[in-house]
Amino acid sequence: MSVSLIHRIRRWVPALEWMSNYRREYLQGDLVAGITVAMMLIPQAMSYAMLAGLPPYVGLYAAVIPLMVYALFGTSRQLAVGPVAMVALLVASGVGALAEVGSAHYIALAILLALMVGVIQFGMGVFRLGFLTNFLSHPVISGFTSAAALIIGFSQLQHLIGLSLPRTENIALLAWAAVTQWADINPVTLAIGLGSVVSLLLLKRLNPLLPGAMIVVVVATLAVWLLDLSAGFGVSIVGAVPAGFPALSAPAVNTADMLDLLPIAVTIAFIGFVESIAVAKKIAAEKRYDVDPNRELVGLGLANIAAAFFKGMPVTGGFSRTAVNRTAGANTGLASIITAVLIGIALLVATPLFFYIPTASLAAVIMVAVAGLIDTHEVKHLWQVKRDDLVMLGIAFFATLILGVKVGIFVAVGASMVWFVIRTTRPHYAILGRVPGTEVYRNLKRVPEAETLPGILAIRFDAQFYYGNVTFLKDTIRAAEQAMNEPLHAVVLDASSINQLDSSADTALHELLDDYRARGVDLYIANVKGPVRDVMDRSGFTRRLGEDHFYLTTHDAVSAAHT
């Protein structure tokens with residue numbers, strides 16, 4: 001086998017890299033991490049399936065083969081893939097509008113959705129489109145996830161208190177329905193739910209490595225079984241979970257269903273990848289290895305395709321499980337393979353033990369997990385650092401909270417892109433002056449003592465010069481001229497921050513030059529970058545302006561204008 005072929009195979013199957021360099025000392029960390037995450041993932045997978053409106057076993061199906069597939073094809077060695085709260089909520093939001101929750105058609109659509117998410121992510125990875133997720137800025141993601149966390153938390157209220165509440169993303173409606181039915185709250189269910197929440201928080205504070213979810217669910221299940229709380233006090237339980245593992249089968253594909261699911265599939269593909277790559281990059285930096293975003297998309301895409309062929313829900317990398325995986329000592333993807341094997345064994349032999357699991361304890365697992373997604377720190381940070389971005393966070397938060405998850409994310413992304421366009425069409429600029437005793441030119445607003453020369457306007461624009469900001473540049477120069485106390489006889493354009501010049505902007509420079517010459521004003525340009533100068537050369541602007549009006553520094557250009 002040729003060296004180039006081996007390199008190509010390793011590129012598409014990153015696991016071959018850590019497999020070929022595996023050390024004996026890695027095994028203990030991988031084994032401990034694999035067992036720890038399995039104990040955490042079993043109750044979480046069931047909880048998130050319930051959140052998605054699916055039977056609990058669908059979450060367990062999504063926690064076996066997809067984990068193994070990602071371990072082989074993903075580039076992160078610690079990322080813990082599986083069902084997560086955010087994706088579960090998106091599944092409920094998208095599929096819930098098309099079919100009755102819990103019905104066979106609903107389950108089939110959720111499985112088809114996993115296939116579509118996988119194909120979208122795989123395609124993005126193959127065609128190296130990972131950069132598209134850059135349109136989802138961190139403030140937008142923070143606002144969206146914070147609002148979604150509140151929606152997720154309130155969606156579990158009915159399971160926590162034992163009431164039948166409307167299935168809606170409107171948290172005010174849910175809260176009001178709970179208040180109006182307070183007399184019907186099941187006190188035993190409420191005790192189990194609140195007790196589970198408190199226990200989870202205490203265990204997490206005591207030791208983050210403890211499988212708190214598993215401990216709480218096991219204790220609650222034993223209580224329900226021993227005290228016969230389901231039959232005697234009406235406590236809702238999971239019920240029968242099919243034993244064994246589903247056979248490999250292709251999802252039912254229907255063109256009409258695919259068109260209906262496409263918007264939510266795209267949303268899950270983007271949100272899932274952003275959630276995964278953020279935590280994967282952070283841990284990779286700590287462990288000093290590289291994560292390839294496009295190959296991550298391929299790995300996540302194949303994991304979701306595998307989930308669909310084994311009757312699972314969409315999956316992605318989770319923040320909390322990945323953190324536990326890393327802290328428990330995971331060194332390679334073998335930890336995820338061990339997790340998957342243990343969950344597979346549980347499906348084969350332990351499903352009768354799941355019968356008496358109270359849904360209140362699963363709801364508690366969800367509520368505690370998503371509480372960490374409410375990012376108040378980012379709000380404080382943006383208030384101090386960049387309030388424009390805080391506005392974007394607020395738009396994402398309230399759009400999601402008011403309009404729902406599916407609509408909210410598109411409104412947030414749209415607002416983010418509109419704001420980006422606004423900022424590029426009205427870029428930062430600076431009127432420049434010379435710092436006394438130097439040849440350095442700085443913004444007069446920041447360095448008031450900087451000196452200017454009579455009749456000379458030195459100005460810098462800090463953005464690409466393109467059709468979108470041509471008018472702004474002209475208006476800004478005109479306003480700066482009018483603010484001068486003496487007649488203008490020279491303009492120096494500092495082009496150090498202009499890295500692109502399109503045809504519309506080049507035309508504007510020609511018009512500016514014609515206007516200045518008609519008025520007897522000289523134009524000088526300093527610090528022109530190579531690609532910008534190339535456009536000027538090809539359009540004839542360089543010849544018209546003259547080589548003697550181009551300078552390497554603003555100081556040289558101002559000196560030439562002064563003489």
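This is a predicted model: local features need pLDDT of at least 70, side-chain atom pairs count only at pLDDT 80 or more; totals for chains, interfaces and linings use all residues.
## Helix α22 and its cover

Contact here means heavy atoms within 4.5 Å. Val470, Phe472, Leu473, Thr476, Ile477, Ala480 and Glu481 are the buried residues of α22.

Helix α22 has 13 residues (470-482), which at 1.5 Å a residue should span 18 Å; the end C-alpha atoms are 19 Å apart, so the two agree.

## The six-stranded sheet

Strands β3 and β5 also belong to an open sheet of six strands, ordered β4-β3-β5-β6-β7-β8 with mixed pairing. At its edges stand β4 (441-443) and β8 (550-551); each has a single partner strand, so one side of each has no neighbour in the sheet.

Further in, β6 (residues 490-494) and β7 (residues 522-526) pair in the parallel sense over five bridges. Leucine 493 has isoleucine 525 of β7 as its bridge partner. Helix α26 (residues 554-562) lies across β3, β4, β5, β6, β7 and β8, and runs at about 170° to β6.

## Nonpolar cores

In soluble globular proteins, nonpolar side chains tend to be buried together. Here the largest nonpolar core holds 73 residues, and Leu54 and Leu113 have the most contacts inside it. Beyond its neighbours within four places in sequence, leucine 54 touches Ala49, Tyr106, Ile107, Ala110 and Met313. Another core, apart from that one, has 43 residues, including Met50, Ala340, Val365 and Val368.

Methods: Residues are numbered from 1 along each chain as its sequence is written. Side-chain values use heavy atoms; hydrogens and water are left out. Helices (H or I, at least four residues) and strands (E, at least two) are DSSP runs, numbered from the N terminus. The expected span of a helix is 1.5 Å times one less than its number of residues. Buried means under 20% relative accessible area, exposed over 50%, partly exposed in between (1.4 Å probe, protein chains only). A nonpolar core is a set of buried Ala, Val, Leu, Ile, Met, Phe, Trp, Tyr and Cys residues joined through side-chain atoms within 4.5 Å. Two strands pair if DSSP finds at least two bridges between them. Axes are lines fitted to C-alpha atoms, for helices over the stretch in contact, and angles run from 0 to 180 degrees between N-to-C directions.
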